[in-house]
Amino acid sequence: MRYGYFDTENDEYVIDRVDLPTSWTNYLGVEDMCAVVNHTAGGYLFYRSPEYHRITRFRGNAIPMDRPGDYVYIRDREDGDYFSISWQPVGKPLDQAKYVTRHGLSVTTYECDYKGIHATQKMSIPIGDNALIWDVNIRNDSDRVRELDVFTYAEFSFHHVPIDNQNFQMSLYCAGSDYMDGAIIYDLYYEEEGYQYFTANFEPDGYECLRDNFIGTYNTETNPRAVAEGNCTGQVLKGGNHCACLQKSLRLNPGESARLIYFLGEGALSESKEIREKYKDPEALDRAYGELKSFWKKKQEKFMVTSPEDGIDTMINTWTLYQSEINVMFSRFASFIEVGGRTGLGYRDTAQDAMTVIATNPEGCKKRIVELLRALTTSGYGIHLFEPGWFLPEEEKEKKKKPFKSPTVIPEPEGASKVHGLSDACADDALWLVPSITEYVKETGNFEFLSEHYGYADGGDGTVYDHMKRIVTFSLQQVGDNGICKGLRADWNDCLNLGGGESTLVSFLLYRALVCLSELSGFMGYEADKKNYDDELDRLRTFLNDTLWDGAWFIRGITHNGKKIGSSQNKEGRIHLESNAWAVLSGAAKEEKARITLNSIHEHLSTPYGILLNAPAYTEPDDDIGFVTRVYPGLKENSSIFSHPNPWVWSAECTMGNGDRAFEYYRSLCPYYQNDRIEIRHAEPYSYCQFISGRDHTSYGEAHHPFMTGSGGWSYFAVTHYILGIKPGFDELTVDPCIPAAWDGFSVKRNFRGDIFEINVENPAHVQKGVKEIYVDGVRTDRIACPRDGRQHSVRVVMG
Ligand code: GLC
């Protein structure tokens, strides 16, 4: 069953059936302000931090689902009947009103046709503005004059989400509202500059600042008192709960329309005046839409693929790129799942996200990489979850001071206490950073970055290269009784701590980090380091293949009590995905073992919806193995299709030349191909989700938690770098695709270090991998150097 379609031309997903089984999300804003919105205008707005600077309130995991939001109500004065432009909150029966929602790149539009009125509400945060704009158009399609009242509604939040949800003796007495010059001003009186405004491009005919007056104590957003009765009280108050309601009365002749533009922004009266002035001429807003479009177009043009598969072109050129970029922009804690009570950066997630879109967002990825470098300890492990502000140099800290200190004393950790000890360190966290830095240098050619100095979380500083060395030194030292890397608090799998034992996955991640450092030190001419890393690699390769091999795959680890996990000897959790994917992808597994391992993954873990994280599911709690055994079978880390590691397998298959299988896996997980199976998938078909229920759960096939997942970035990386095989090197671009044999070829327009490469790959012999000939600008060559002349170059690659 389908609820909508991809409009590729306009980079939109169009939901033409709005009674979705769950919220379908979009993100507005590309700078400091962000709105998380759903398909029925539910959602919330924040400025810089969803936890410390929330602007509108949101009741997560509640019913009715995902309220409140940014609502526009239209009431007919003739009969008092009213509706909202988005289907919810009024929720007119779908056989009486028609609703459409368009989620685009940083823009969402709600459309409605009801009783001869056509209304649209286009939401966006223009570049350079700290305001969410609701661009409302109302047209009278009926053949009589219509007298309408238009009411808006958004509910202001106290800035600090935990206080807003828990400490009403404080939050209810420190925020006030006022109305001046056509603007509602919301004032967080405890804060120095704690203002927000709501205003419009017209003189309102009424306003309401008090939430409870607008809604009514026994009503809801579905039937708010003000709209039902058709009037606002025009009250303001110091203290209480506040809302943003402006009322406008319209008289529309048949065919006539009105454009009402609303601004919900950061700042006080003066800012509200500035933005009104800026958009006095609505054409200025149309130009702002154009700027947002070209913001994304520029990114899209960095890597544009045309292949035989729509599900690759649409996702890679638009939606997966978008999802990956959003993770880098807003981290992982702004969604309908994580609603702002937890912020900052998770070390491993951020390190991986920052590796995936360097081509399209070099500055954003570098910023994240630097934040992670500063959150590395001198011992070489990362601070698992941190606020980047904690580790800024003192001068920058001053500039970024938090504007608010609560009068209710909340002890804040200071200096050294923010640096947790080894007992809380995750063994994989910092290992992800080494490849991300290597990729950054390869993509940008910014080799100077390696000698830039950054601080360590626990004091002192060192070059970027020095940080990288400490990361691998730490992991080389943190080995357990069997010589495998310790799992410490946990590795990538949060729920598998092996009772504090040893982790195969970490050993393979260490191997990969050493490969990166070996290449890097070789290229930079650091001969002694290079020799050192190569010796370690030789030693490790033999050791890992001998010690960790289970017969048909690699084990997942050894618990503190010496029990093997992920072994054919186990009854449950016999085979795990992460360790096996990385055994191959890191290059550690010897060829024969790599082949057998991939076949075992295919045999035991593949499903029509993607690859299971492990199988069979654990059914009995066993704390020696870890928390994973206390997760219901088929959900999350216990034998679900956990999306994030899936692209590791696609990539691993590509290193072994299996393009057919890599694509088969891509197709099974890729949401695009599930557009017509929403009765099973539930979630949006334009975003990867954190996990899909596995075959041991009654909800098998249902996808959970969109957007904020490492599977976005990793899918983008796996397709661009491994399936299409276009990889930046230190001083070249390599093209080494691994595609389905049936493909005749594909083409990619790739911007690399300022040059534009028009790459055409031909596959006349219908192979899956292998490059026979390369031509650059018509000349046969064996490598694609980067001339850095800012010009266009044609690249012809013949597979065979
Ligand atoms: C969640 C976490 C991530 C972890 C994964 C598996 O997605 O954000 O850090 O690796 O779960 O446990």
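User: Which helices each supply at least two residues of the lining of the largest cavity?
Analyst: In this predicted model, those helices are α8, α11 (433–444) and α20 (710–723).

User: Which of them gives the largest share?
Analyst: α20 does, with 4 residues of the lining.

User: How much space lies in that largest cavity?
Analyst: About 100 Å³. The lining has 13 residues, and the closest to the centre of the cavity are Thr 356, Ala 359, Glu 443, His 721 and Arg 750.

User: How does that lining divide by class?
Analyst: Into 7 nonpolar, 3 polar and 3 charged residues.

User: How many cavities of 30 Å³ or more does the count come to?
Analyst: The count comes to 6.

User: What volume does the second largest cavity have?
Analyst: Its volume is about 60 Å³. Among the residues that line the second largest cavity are Ile 74, Arg 75, Asp 76, Tyr 114 and Arg 146.

User: Which element gives the most to that lining?
Analyst: Strand β6 gives the most to the lining of the second largest cavity, with 3 residues. β6 covers 71–76, and β12 (146–153) also supplies at least two residues.

User: And what classes of residue are in the lining of the second largest cavity?
Analyst: There are 5 nonpolar and 6 charged residues, and no polar ones.

User: Let's switch to the ligand. Where does it sit?
Analyst: The ligand sits in the second largest pocket. About 860 Å³ of space lies in that pocket. Of the 32 residues lining the pocket, those closest to its centre are Arg 342, Arg 348, Asp 349, Asp 494 and Gln 690.

User: Which helix gives the most to the lining of that pocket?
Analyst: Helix α8 does, with 3 residues. α8 spans 347–356, and β33 (703–706) is also listed as supplying at least two residues of the pocket lining. α8 supplies at least two residues to the lining of the largest cavity as well.

User: How does the pocket lining divide by class?
Analyst: It has 11 nonpolar, 11 polar and 10 charged residues.

User: Which residues are around the ligand itself?
Analyst: They are Arg 348, Asp 349, Trp 492, Asn 493, Asp 494, Glu 637, Phe 642 and Gln 690. By class, this shell has 2 nonpolar, 2 polar and 4 charged residues.

User: What does the side chain of Glu 637 do there?
Analyst: An N or O atom in the side chain of Glu 637 is 2.4 Å from an oxygen atom of the ligand. The protein covers 86% of the 310 Å² of accessible area that the ligand has on its own.

User: Which backbone atoms are involved?
Analyst: A polar backbone atom of Trp 492 is 2.6 Å from a ligand oxygen atom. For Asp 494, a polar backbone atom is 2.9 Å from an oxygen atom of the ligand.

User: New topic, the backbone. Is the peptide bond from Gln 88 to Pro 89 cis or trans?
Analyst: It is cis, with omega near 15°. Pro 89 is in the loop between β7 (82–84) and β8 (97–104).

User: What about the bond that joins Ala 615 and Pro 616?
Analyst: That peptide bond is cis too, with omega about -15°. Pro 616 lies in the loop between β30 (614–615) and β31 (641–642).

User: What is the phi of Lys 636?
Analyst: Lys 636 has a positive phi of about 40°, although it is not a glycine. Most residues other than glycine have a negative phi. Lys 636 is in the loop between β30 and β31, where Pro 616 also lies.

How values were computed. Residues numbered from 1 in each chain as written. Predicted model: local features only at pLDDT ≥ 70, side-chain atom pairs only at ≥ 80, totals over all residues. Heavy atoms only, no water. Near = heavy atom within 4 Å. Polar contact = N/O pair within 3.5 Å; in protein donor to acceptor, adjacent residues only side chain to side chain. Areas by Shrake-Rupley, 256 points an atom, 1.4 Å probe, with all protein chains shown as cover. 1 Å grid on protein atoms, 1.4 Å probe; cavity = no way out; pocket = protein on both sides within 12 Å on 5 of 7 lines; lining within 4 Å. Sits in = over half its atoms within 2 Å of the grid points. Nonpolar A, V, L, I, M, F, W, Y, C, P; charged D, E, K, R; others polar. Points joined across faces, edges and corners; volume = space filled by probe spheres on them.
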